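This report is written for a reader meeting the structure for the first time.

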Amino acid sequence: MSRTRISHVEGRRADRDARIPVRRHINGGLGHRNVSDYLNEHRIAEVRIALAAASQADVPLLTSAMGARFGNLVMFNRVFKERFGKTPSTVWRRHLEG
């Protein structure tokens, strides 16, 4: 095996080893299922803050979701509904009416 290939393998192993303590902290210490769950929690919080701001009343829900770095609307809707038991559109309509 060439030295370049060995260095690449060693580098990947070092990257993996460095991530393990972070994963353990997020999963065990912070109580999230995985890193994605942790990130989605922060993304949802960002969207909720944006939706609560009066200055954001005319901003489409999709714009807020994309601004919080959700990859697509389907993922946002799924994460939101898992977290709150309702679709974002339902919550948004009630917010606007209320």
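The paragraphs below describe the pocket, its lining and the aromatic pairs in turn. The model is a predicted one, in which local features need pLDDT of at least 70 and side-chain atom pairs count only at pLDDT 80 or more, while totals for chains, interfaces and linings use all residues. Residues are numbered from 1 along each chain as its sequence is written, and side-chain values use heavy atoms, with hydrogens and water left out.

**The pocket**

A pocket is an open set of points on a 1 Å grid over the protein atoms alone, where a 1.4 Å probe fits, with protein on both sides within 12 Å along at least five of seven lines, and its lining residues have an atom within 4 Å of a point. The largest pocket has a volume of about 240 Å³, a volume being the space filled by probe spheres set on the grid points, which are joined across faces, edges and corners. Among the residues that line the largest pocket are R33, D37, N40, I44, V79 and R83. The lining divides into three nonpolar, three polar and six charged residues, where Asp, Glu, Lys and Arg count as charged, Ala, Val, Leu, Ile, Met, Phe, Trp, Tyr, Cys and Pro as nonpolar, and the others, Gly among them, as polar. Helix 2 (35–52) and helix 4 (73–84) each supply at least two residues of this lining, helices being DSSP runs of H or I with at least four residues, numbered from the N terminus.

**N40**

N40, in helix 2, counts as buried because its relative accessibility is 11%; buried means under 20% relative accessible area, exposed over 50% and partly exposed in between, with a 1.4 Å probe and protein chains only. Leaving aside neighbours within four places in sequence, N40 is in contact (heavy atoms within 4.5 Å) with F70 and V79.

**The aromatic rings**

Rings of Phe, Tyr and Trp (its six-membered ring) pair if their centres lie within 6.5 Å, with planes under 30 degrees apart counted as stacked, over 60 as edge-to-face and the rest as tilted. The count comes to three aromatic pairs, and two of them are tabulated here.

| Pair | Centre to centre | Angle between planes | Class |
|---|---|---|---|
| F76 and F80 | 5.7 Å | 55° | tilted |
| F80 and F84 | 4.7 Å | 50° | tilted |

F76 and F80 both lie in helix 4, four residues apart, or about one turn of the helix, and F80 and F84 are likewise four residues apart in helix 4. F76 is buried at 0% relative accessibility and F80 is buried at 3%, whereas F84 is partly exposed at 28%. Ring pairs link F70, F76, F80 and F84 into a cluster.
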